[in-house]
Amino acid sequence: MIKRIESIDFLRGIVVILMLLDHVRDLFHIHSIDQSPTDLSVTTPSIFYTRIITHLCAPIFVFQAGSSAFLVGQRSVNKKQFSQHMIRRGAWLILLDLTVVNFGLFFDIRFGLVLVDVLSAIGFSMVIIGLISRYTSKQIFILAISIILIQQFLFVAQPTFLKPLSFLISPNAFPLPNGTLLVVGYPPISWLGISLLGYSMGHYFLEKTPAEFARLGLSLCLLFLLVRYVNLGGDSPWQIDEPWTKQVMSFFNVAKYPPSISFTMLTLGIMFLLLSGSQFVGKKGIEMLSTFGRVPLFFFVSHWFVLHLILFVFIFNQGFSLHDLEFGFQLSRPKSFIGLSLSQVYMLWLAVALLYIPLCRYYYQWQQKRKMNQLS
């Protein structure tokens, strides 16, 4: 029996907290809808880096989903049952994303806009893992690297024959007959490579030491610096003829939609460094962050509803009514809604994070009792 790996819960906890920051900014910041935080012509360093640090969330979530699937497979005696479990789990995550999560995100009962989000990308990866779980870790590692490289080449080349299936490797939007706009924000093949990489390296969490994680993370970050410097990572060239602050911002302004090679190396490199750094965090710090990391799905699904309820308090306090709500890309905010400054966003983020500590603890304890009751 493989016990919970504390460093994974710790890492997930960091990611969950950063994700909360990103989504508080999405819903509440005064310029979150009318200005892109990574558009260097309008953004500021504080807004830019607030967004860039949250780039860690999706790739680490997706990588860890693959690693966790591997660890589940190690516990499983019956490989056929494991395969079926992964397929069912993946299908359930996709359904959850397209229904409950999308309602929590847009609060539109008509589902005028449906976003294929990171949870769907993870669900798709779980299905594929279930189908190919009979292959060795080495074979899946080669497949993962091949997918990461090939999808980047196809995204840049944009071959004509691939246009009907371009939604597999790049963001796309499709109007459905019922009037719903289906937006593929997380192309399934683009993120599949990262998930399969996590699965193929799942044994690292059983074998590797913090020092080995540090070396791997540092190697990836150095490789990122080299690849990005010569503009070979699949991103727009970084700006040289600019003030140094903009040069640095443009250097780290790597593409997430879909994830470029530079983006993947940087974020996964930092992930391994964070794993190695967990040994230097005190027991209380580990426990606090692990509180979030033990129940990431609960947090992901529920936090949209909590944030929207808080948002409605702000909206109605400004004198708006239900008829003023704008759904879809407006995220239910009235067009003339006055959002928060960045410093206020950070304060609200901290308040919601503190609110979630007892909620996550209670949910985890309930989850454990439920499992014990099922075994008894």
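1. The model is a predicted one, and the points below should be read with that in mind. I begin with the pairing of S1 with strand S3 (residues 181-184), which runs in the parallel sense over 4 bridges. Within this pairing, Leu113 stands opposite Leu181 in S3, while Leu115 has Val183 of S3 as its bridge partner.

2. The other pairing of S3 is with S2, and here the two strands run in the antiparallel sense, again over 4 bridges. Phe174 stands opposite Leu182 of S3, and the bridge partner of Ala173 in S3 is Val183. S2 and S3 form a hairpin in which 5 residues lie between the strands, and Gly179, in the turn, has a positive phi of about 95°.

3. Taken together, these strands make an open sheet of 3 strands in the order S1-S3-S2, with mixed pairing. Strand S1 (113-116) and strand S2 (172-175) stand at the edges, and because each has a single partner strand, one side of each is left without a neighbour in the sheet. From one strand to the next, the twist averages 20°.

4. Which residues form the nonpolar patch on the surface? The patch consists of Phe141, Ile142, Ile145, Leu149 and Ile150, which together have about 430 Å² of accessible area. Of these residues, Ile150 is found in helix H6, which covers residues 137-157.

5. Two points of backbone geometry deserve a look in the viewer. Gln158, which is placed in the loop between H6 and S2, has a phi near 50°, a positive value in a residue other than glycine. The peptide bond from Tyr257 to Pro258 is cis, with omega near -5°, and Pro258 has its place in the loop between helix H10 (244-251) and helix H11 (261-277).

6. The largest pocket holds about 1,900 Å³ of space. Its lining is made up of 47 residues, of which Arg4, Val72, Arg75, Arg89 and Lys371 are the closest to the centre of the pocket. The elements that give two or more residues to this lining are helix H1 (6-28), helix H3 (57-75), helix H4 (79-106), helix H5 (118-132), helix H13 (296-317) and helix H14 (342-375). Which element provides the largest share of the lining of the largest pocket? That share comes from H14, with 10 residues.

Note on methods. Residues are numbered from 1 along each chain as its sequence is written. This is a predicted model: local features need pLDDT of at least 70, side-chain atom pairs count only at pLDDT 80 or more; totals for chains, interfaces and linings use all residues. Side-chain values use heavy atoms; hydrogens and water are left out. Two strands pair if DSSP finds at least two bridges between them. Axes are lines fitted to C-alpha atoms, for helices over the stretch in contact, and angles run from 0 to 180 degrees between N-to-C directions. Patches are made of residues with over 30% relative accessible area and no salt bridge: like charges are joined within 9 Å, nonpolar side chains (Val, Leu, Ile, Met, Phe, Trp, Tyr) within 5 Å. Accessible areas come from the Shrake-Rupley method with a 1.4 Å probe; for residues, only the protein chains shown count as cover. A salt bridge is a side-chain nitrogen of Lys or Arg within 4 Å of a carboxyl oxygen of Asp or Glu. On a 1 Å grid over the protein atoms alone, a cavity is a set of points where a 1.4 Å probe fits but cannot get out, and a pocket is an open set with protein on both sides within 12 Å along at least five of seven lines; lining residues have an atom within 4 Å of a point. Grid points are joined across faces, edges and corners, and a volume is the space filled by probe spheres set on the points.
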